[in-house]
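Visitor: I'd like to learn how to read a structure like this one, feature by feature. Can you walk me through it?

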Amino acid sequence: YRDIYDAKEQTKADLFRIEDDEQIAKPRETVISVPSAQKPPSRTLLDTDATLLSMDPSSIEIIPLNSINPADEDNSKLRSTTQPLSPTPFSAWTGDPSGSFVKMFRGSASYIANHRGTLAVYHIPGELLTWEGFPGLMDDIALTWLLGMKIVLVAGCRHQIDLRLEDIDEGDGDQANQLGGRVMMSSIRVTDEETLRVVKEEAGFVRFEIERRLAKSLRLHGGILKGSESLVGNVVSGNFYSAQPFGVVDGVDYAFTGFPRKVEVERIKQIHETNDIVLLTSLGVSPSGELFNVNSEFLAASAAGSLGASKIIYFNVHGTSFLNRNADKPVQNLRARDAKNLLDHYKMRIHPKGFVLLDLDSESPRQSILRTPGSMETLIKVGYSMVALEKGVKRAHILAPENGALV
């Protein structure tokens, strides 16, 4: 393998990383690389034929994260489980992780130096706002900002919208709109005028909650107490991208549902020059002034690609992981080709407008796993990660919301 990782030193919360094949062909200072003289030709990595580095997608299984025991030195006790994924989306908040600070700091020094000045896009799903560890996550994001990274946050509010629409449907009874607010194509919602009003309210709520929590963390980690104004950062939100209507698909008018049209790259760079963090919501404005409800995961991938981000980070709220049944070991890293093969294996792809195309009609066992929320969420975020990689992002991470997972 081009890069050699020590799986024992990786936290179980770092589920896996998807890397572009071209990036693997370049040595990085943060990992142990094979000397140039010993490297095989790059065409071996990028060849369309199967190679020894390829991973059989049928050997990869999605398992609950708590099935992995970090105490097992060689992971020899890992076994596939037939139990359904845990309905509880979040792990318990366990406080500060134990370990040697000196050892950790020495091991991360070069990693910190390599990422200083790079840009990272974080997707924050609405479910995380109800997690007891959410303030700690904001602290960790502020810490990456303090270490010199340029940050763009994309806030989703699907969870809050679903709860609001459920209350509206229960109140309206049989008079509920049969299409308005409904999710018609996997993650894409039909947004009528009433649903758009709910989206405005919930997007505003999520935006201000993130701003409030993160502003506190920035001042906690910043330089106000030290008298250094250069370390003081703010969270800035606004019309940093434009949107366009989704239109009519398969005879269904999606009304005020849209997808990203253009990301205002120069304006975002100006915000980063003042040492601030950019926050995007799922409400996009068209050049004519219309508002559209945009899929936040696809927005994050589009923004990361337009900005030339070094990495994009998604959070998997159901806490699932991948298990290689053949090797009986967790899968912590996927190459771009392996991720694409995995999506093909489950007959899933992302449409250029941002919705998920998925075959759920098949009765095969591999399709039945997609009917569980955790598995579906994981594969969808793998799909959006692939969109980001195809747009030029170097790496994509999918993390469980656990204490210290981001760091």
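Visitor: Let's start with strand pairing. Which residue is the bridge partner of G258 in β16?

Guide: That would be V294. Keep in mind that we're reading a predicted model here. The pair belongs to a parallel arrangement, with two bridges joining β13 (residues 257–263) to β16 (residues 291–294).

Visitor: How many bridges join β15 to β16, and do those strands run parallel or antiparallel?

Guide: Three bridges, and β15 (residues 283–285) runs antiparallel to β16. Within that pairing, L283 sits opposite N293. A general idea to carry along: in a regular strand, side chains alternate between the two faces of the sheet.

Visitor: What about the turn of that hairpin: which residue takes a positive phi there?

Guide: G289, with phi near 95°; the hairpin of β15 and β16 has five residues between its strands. A255 has phi near 55° and lies in the loop between β12 (252–253) and β13. N275 has a phi of about 70°, in the loop between α7 (265–273) and β14 (277–280).

Visitor: Now salt bridges. What's the idea, and how many does the structure hold?

Guide: Side chains of opposite charge can pair when their charged atoms come close. This structure holds 10 salt bridges. One of them is R158 with E297, at 3.0 Å from N to O. R158 is in helix α5 (residues 158–172) and E297 in helix α8 (residues 296–307), so the pair ties together parts that are 139 residues apart in sequence. As for cover, R158 is partly exposed at 30% relative accessibility, while E297 is buried at 7%.

Visitor: And which side chain does R164 meet in a salt bridge?

Guide: E202, with 2.7 Å from N to O. That pair also links distant parts of the chain: R164 is in helix α5 and E202 in helix α6 (residues 193–221), 38 residues apart. R164 is partly exposed, at 24% relative accessibility, and E202 is buried, at 11%. Zoom out a bit and you find a salt-bridge network linking R164, R197, E201 and E202.

Visitor: Where do R207 and E211 lie?

Guide: Both are in helix α6, four residues apart, or about one turn of the helix. R207 counts as partly exposed at 28% relative accessibility, whereas E211 counts as buried at 16%.

Visitor: Which residues make the nonpolar surface patch?

Guide: F101, V102, M104 and F105 make a patch of about 430 Å². Take V102: you'll find it in helix α3 (residues 101–115), partly exposed with a relative accessible area of 44%.

Visitor: Last one: what is the mean pLDDT of the chain?

Guide: It's 77, and 68% of the residues reach 70 or more. Over residues 24–48, though, pLDDT is below 50, and this stretch has 43 contacts in the model beyond near neighbours in sequence. Residues 76–82 are also below 50, with 17 such contacts. Where pLDDT is low, the predicted coordinates should not be read in detail.

Terms used. Residues are numbered from 1 along each chain as its sequence is written. This is a predicted model: local features need pLDDT of at least 70, side-chain atom pairs count only at pLDDT 80 or more; totals for chains, interfaces and linings use all residues. Side-chain values use heavy atoms; hydrogens and water are left out. Two strands pair if DSSP finds at least two bridges between them. pLDDT is the predictor's confidence in each residue, from 0 to 100. Contact means heavy atoms within 4.5 Å. Patches are made of residues with over 30% relative accessible area and no salt bridge: like charges are joined within 9 Å, nonpolar side chains (Val, Leu, Ile, Met, Phe, Trp, Tyr) within 5 Å. Accessible areas come from the Shrake-Rupley method with a 1.4 Å probe; for residues, only the protein chains shown count as cover. A salt bridge is a side-chain nitrogen of Lys or Arg within 4 Å of a carboxyl oxygen of Asp or Glu. Buried means under 20% relative accessible area, exposed over 50%, partly exposed in between (1.4 Å probe, protein chains only).
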